[in-house]
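Have the structure open as you read.

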Amino acid sequence: TIGQKELTQGVNNNAIQAINGKAAGVYVSQSSSAPGGGVNIRVRGAGSINSSNDVLIVVDGMTDVNPASISQDDIESIQVLKDASSAAIYGSRAANGVVLITTKKGIAGKTSITYNGYVGVQQVAKKMDVLSAQEYMQVQNELSLAQNLPAVFSKTQMDSIGNGTDWQDEIFKTAVAQNHQLSMSGGGKNNKFYVGLNYFNQDGILLNTNYQKYNARINYEITPSDKFNLLLSVNLSRAKNNQPYNQTGANETAGAINTALNSDPTGAASLDDNGRYRFNPLIALENPLAIVNGITQQQVLNSNFGTLMANYTPVKNLTLTARLGVDLRNSRSDYYNSRITQFGLSAGGIATITNEENSHWIMEYLAKYDRNFGEHSLSLLLGTTTERYDNRPAYAASQNFLSDITNTNLLAR
């Protein structure tokens, strides 16, 4: 179990990143270094070659929760279940391990208000070493002379070009990351509450990339008697992710970083006489600046989940629990390739929209009996769970728009 004070600090857009390096046998990695990039967690390594190796995430009793939808500052503790016996209650889904996240609860007494935040900067640690303009010209001339052809560039051209354009300098920037958390906690003898409000914003080091998230959490507990208590937990989250285009593509479909590493350094970063970004027609690459300024790829995700749990102790050592949980998610992903790029120009603009609605309902009924016999103890657990998952995706695509001004908004015309 990892307590709140032991969680890994830093720019974490996903709560799972907070246990990186804190638990033996647990490996946490980010599948993409872009803001809002996905996070992978492995317990005891990969257990399958062609099946999922994902662990089961449980937040306050709610299974399959997206850990990116909660604020790290709302977490009280994170527990990793590695052995089969402790995770058995979750069935086959727990084969790759279980991560139990418990959020903060209210503390009886005077209402307390706390603020926690940070502002930081991120930048490229080290750029790739690429040819300068003169070095590029020299290589082109050597290749041409090796084929008994005249040199492509004259000495005058080589002397006047200077260092040329380092396209990495054109697409990278110093990025700002910030996180602000406002929490309120309090209560009396029979009721306690906790409220957390969070704002997270991370700019990418690549131009026009950004991830921002708004989060609100309410935990409320009421204990009308010694035998009965009721707990309500609600989490609301909205995230907007301006993503980089096609990070793994090649040639004409390459993303900005791949293109910048392979682009002609003799080309200028300025616009030509027609107001378009320059590109070398002999190289199957788009201009890197045209990619970052001409292609937008944005996802908006609303993720809302909550649980209502009732505990009743009819007799000593026996606790009956009933839990109702719901997780509602809807997302929209917009992609638009404008006339700034060569592909967008030839197609008159290219747009796609993907909508997805997901819902997850869970009902659990548990009976737990605990008793100590001197130096021995007995613990029995009996329970049943009913779950329902629904998914409704929708996809639309079109091209040849009247203008780029409307972006994807004319897709349904």
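Is Q17 buried or exposed? Q17 is buried, because its relative accessible area is 11% (buried means under 20%, exposed over 50%, partly exposed in between, with a 1.4 Å probe and protein chains only).

Keep in mind that this is a predicted model, where local features need pLDDT of at least 70 and side-chain atom pairs count only at pLDDT 80 or more, while totals for chains, interfaces and linings use all residues. Residues are numbered from 1 along each chain as its sequence is written, and side-chain values use heavy atoms, with hydrogens and water left out.

**Around Q17**
- You'll find Q17 in the loop between β1 (2-3) and β2 (26-30); strands are DSSP runs (E, at least two residues), numbered from the N terminus.
- The side chains of Q17 and Q30 are joined by a polar contact of 3.4 Å (a pair of N or O atoms within 3.5 Å; within protein, one must be able to donate a hydrogen and the other to accept it, and residues adjacent in sequence count only if both atoms are side-chain atoms).
- Leaving aside residues up to four places away in sequence, Q17 touches T8, N12, V28, Q30 and V39, with contact meaning heavy atoms within 4.5 Å.

**Cavities**
- Searching the whole structure turns up two cavities of 30 Å³ or more; on a 1 Å grid over the protein atoms alone, a cavity is a set of points where a 1.4 Å probe fits but cannot get out, and lining residues have an atom within 4 Å of a point.
- The largest cavity holds about 70 Å³ of space, and its lining includes Y245, E252 and F343.
- The second largest cavity holds about 40 Å³, and K105, G106, K192, N219, Y220, E221, L232 and S233 line it.

**Pockets**
- A pocket is an open set of points with protein on both sides within 12 Å along at least five of seven lines.
- The largest pocket has about 940 Å³ of space; of its 39 lining residues, G61, Y90, M309, R323 and L366 are the closest to its centre.
- β16 (376-399) gives the most to the largest pocket's lining, with seven residues.
- About 750 Å³ lies in the second largest pocket, where N14, V39, N66, P67 and A68 are the closest to the centre among 34 lining residues.

Terms used. Grid points are joined across faces, edges and corners, and a volume is the space filled by probe spheres set on the points. Helices (H or I, at least four residues) and strands (E, at least two) are DSSP runs, numbered from the N terminus.
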